[in-house]
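Look at the model below.

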Amino acid sequence: MEYFRDHFRITTDKSRMDIDAIHRMLLGTYWGGNLPRNILEASMRSSLCWGLFEGDRQIGFARVISDYTTFAYLCDVVIDESYRKRGLGAWLLQCILEHPQLQGLRRWMLSTLDAHELYKKLGFRPLTKPEKFMEIYHPEVWDLKSEPSR
């Protein structure tokens, strides 16, 4: 799918994604600072991805992990630093939330350290029952893997 606004374009066509640009943007984030490129590529293969472009230059990225029926996890939302504060991130997120394959889901989740206000505007709220959620977290795993396991 493609979406257009002014001279910007959003696409879900993975063949048009600039992996190097995405990797550079993610390396500048608090969550992706040590993300190996091969892990990024593997994660993209298993996800519904969005690229935000100005002309041919990729300036944003996001991906969703989903079963397309009940659940979606929004992650890796990033906008090139020089394009922030223009509403492009909100537009990207709106396109994601309106995507036909992601309608009727019971639950959307995400994790953020500093963008709560942006996500609240789109309907996200703190966990209703946080006592029901658990995790296994291995922050060191990227340091140990040279190739993703399959």
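Predicted model: local features only at pLDDT ≥ 70, side-chain atom pairs only at ≥ 80, totals over all residues.

Residues are numbered from 1 along each chain as its sequence is written, and side-chain values use heavy atoms, without hydrogens or water.

Side chains of opposite charge can pair when their charged atoms come close. A salt bridge here is a side-chain nitrogen of Lys or Arg within 4 Å of a carboxyl oxygen of Asp or Glu. The count is seven. Arg16 and Glu2 form one, at 2.3 Å from N to O. Arg16 sits in the loop between β2 (8-11) and α1 (19-27) and Glu2 in strand β1 (residues 2-5), so the bridge ties together parts 14 residues apart in sequence. Glu2, Arg9 and Arg16 are linked in a network of salt bridges.

Asp80 pairs with Arg57, with 3.4 Å between the closest N and O atoms. Asp80 lies in the loop between β5 (71-79) and α3 (88-97), and Arg57 in strand β4 (residues 57-66). Arg57 is partly exposed at 41%.

Now turn to helix α2 (residues 37-45), which holds Ser43. The Ser43 side chain reaches the backbone oxygen of Leu40 at 2.7 Å. Ser43 is buried, at 16% relative accessibility.

Finally, the surface. Leu113 lies in the loop between β6 (107-109) and α4 (116-121). Leu113 is exposed, at 61% relative accessible area.

Definitions and conventions:
Helix = DSSP H or I, 4+ residues; strand = E, 2+ residues; numbered from the N terminus. Buried < 20%, exposed > 50% of the residue type's maximum accessible area, 1.4 Å probe, protein only. Polar contact = N/O pair within 3.5 Å; in protein donor to acceptor, adjacent residues only side chain to side chain.
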